[in-house]
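Welcome! Here is a short briefing to read beside the structure, grouped by topic.

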Amino acid sequence: MKFLDEAKVYIRSGDGGAGAVSFRREKFIEFGGPDGGDGGRGGDVWVEAVNGLNTLIDFRYQQHFKAKTGTHGMGRNRTGANGEEVTLKVPVGTQIFEEDNETLIIDLTKEGQRFRLAKGGNGGFGNAHFKSSTNQAPNWANPGLEGEEKTIWLRLKLIADAGLVGLPNAGKSTFLATVTRARPKIANYPFTTLHPNLGVATIDGREFVLADIPGLIEGAHEGVGIGDRFLGHVERTRVLLHLVSAVEDNAGKAYNTVKKELEAYGGGLTDKPEIVALSQIDVLDEAELKKKAKDLQRACGQKPFLISAATGKGMTEVLRALRDVIVEAGGDHTALPDRSDRYTEIPHREEDDE
């Protein structure tokens with residue numbers, strides 16, 4: 001399965017069924033009159049945010065969704081059945097845009113949230129509807145109204161409590177794999193992570209969702225490297241964990257590079273609470289570690305956490321710091337059931353690298 005966070009879809013609601021022209025034809029009833037029934041309504045097109053999805057991959061293989069036409073009316077005052085509706089099931093956090101990909105229709109931020117994208121056409125009236133004292137035998141009926149059709153864009157912004165940002169090989173995927181059950185691809189080369197990964201972290205009986213996105217490099221807002229197209233997935237987070245690798249020659253410069261890309265992207269990312277950590281500290285001696293920690297503190301204006309996923313040093317402290325910010329912002333998930341099934345890992349395939 002591949003990760004897909006944007007899809008273009010064509011939708012069409014069903015046409016209304018036509019009304020019927022019919023008259024009673026029964027023995028011994030001389031003036032039976034009209035008995036044509038109304039047509040049924042066309043089916044609607046709905047979108048619904050559901051549990052268990054974290055990608056729009058289904059919409060790569062099906063881009064056309066059409067609801068059913070309402071059944072035509074029939075004699076003996078029988079109204080046609082309504083057309084069957086169609087529901088697009090999308091992950092929580094999906095935004096629906098008009099064809100211009102700019103006009104927002106709906107932002108689905110809660111599980112079970114539904115929205116009608118296209119209304120089915122009304123059914124036509126049968127000739128029984130037009131009977132009156134002056135016209136007791138109308139011989140016409142209305143056709144059903146046409147349904148609506150449009151092209152829409154689906155754009156996914158994952159729902160997570162905390163987001164991991166940093167340069168490639170800053171240790172984000174290793175951090176995620178250490179504190180959650182997610183299993184992102186980890187390797188010693190840049191851009192190992194090609195799509196966002198999610199995991200559920202637990203600390204002191206509380207849990208929160210972590211999002212790891214591909215690394216940023218200088219010029220990402222201009223499309224350099226993988227670019228900044230995945231930054232939308234940390235727009236909804238309550239706090240950012242900015243990881244800077246202790247392997248970097250200049251930790252302060254590495255921090256500022258990513259910070260400038262976040263500023264260039266916008267989306268309120270620079271206004272979010274930020275926790276800074278110097279990762280992979282197990283590769284340095286004490287003197288070099290103090291030097292790089294001081295350099296990073298000078299750049300970010302706060303004392304960075306010193307962590308190592310390999311040895312576990314500092315991991316508990318940084319998780320507690322993230323938890324405190326999330327709880328303060330109203331994201332406490334105490335005593336919730338395990339939600340890791342909702343944020344399933346997306347298996348890596350070699351063709352994803354191509």
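**A first look**

Both F59 and F65 are buried, where buried means under 20% relative accessible area, exposed over 50% and partly exposed in between (1.4 Å probe, protein chains only). This is a predicted model, in which local features need pLDDT of at least 70 and side-chain atom pairs count only at pLDDT 80 or more, while totals for chains, interfaces and linings use all residues. Residues are numbered from 1 along each chain as its sequence is written, and side-chain values use heavy atoms, with hydrogens and water left out.

**Aromatic rings**

- Rings of Phe, Tyr and Trp (its six-membered ring) pair if their centres lie within 6.5 Å; planes under 30 degrees apart count as stacked, over 60 as edge-to-face and the rest as tilted.
- By this rule there are 3 aromatic pairs.
- F59 and F65 make a tilted pair, with 5.7 Å from centre to centre and 55° between the planes.
- F130 and W140 are also paired in a tilted way, at 5.8 Å centre to centre and 40° between the planes.
- That pair links distant parts of the chain: F130 and W140 are 10 residues apart, in the loop between β7 (114–118) and β8 (149–156).
- F130 is partly exposed at 23% relative accessible area, and W140 is partly exposed at 41%.
- Ring pairs join F125, F130 and W140 into a cluster.

**Charges over rings**

- A charge sits over a ring if NZ of Lys or CZ of Arg is within 6 Å of the ring centre and within 35 degrees of the ring normal.
- R114 lies over the face of W46, 4.4 Å from the ring centre.
- R155 has its charged end over the ring of F97, at 4.1 Å from the centre.

**Overall form**

- The protein has 5 helices and 14 strands; helices (H or I, at least four residues) and strands (E, at least two) are DSSP runs, numbered from the N terminus.
- The radius of gyration is 29 Å, whereas a compact globule of 354 residues would have one near 20 Å; the radius is taken over C-alpha atoms, and the globule rule is 2.2 Å times the number of residues to the power 0.38.
- Along the principal axes, the C-alpha trace spans about 110 × 45 × 35 Å.
- Of the 354 residues, 49% count as buried.

**Helix α2**

- In helix α2 (residues 172–179), 6 of the 8 residues are buried, so the helix is largely enclosed by the rest of the structure.
- Those buried residues are K172, S173, F175, L176, A177 and V179.
- Their cover includes β9, β10 (197–203), β11 (206–212), β12 and α5 (315–328), judged by contact, meaning heavy atoms within 4.5 Å.

**Helix α3**

- The 15 residues of helix α3 (residues 251–265) should span 21 Å at 1.5 Å a residue, which agrees with the 22 Å between its end C-alpha atoms; the expected span is 1.5 Å times one less than the number of residues.
- Buried residues of α3 include A251, Y255, V258 and L262.
- Among the elements covering the buried residues of α3 are β12 (239–245), β13 (274–279) and α4 (286–300).
- N250 caps the N-terminal end of α3, with a side-chain oxygen 3.2 Å from the backbone nitrogen of G252.
- Just after α3, G266 takes a positive phi of about 80°.

**A buried aspartate**

- D161 lies in the loop between β8 and β9 (162–165) and is buried, with a relative accessible area of 5%.
- A polar atom of the D161 side chain lies 2.9 Å from the backbone nitrogen of V209.

Key. Polar contact = N/O pair within 3.5 Å; in protein donor to acceptor, adjacent residues only side chain to side chain.
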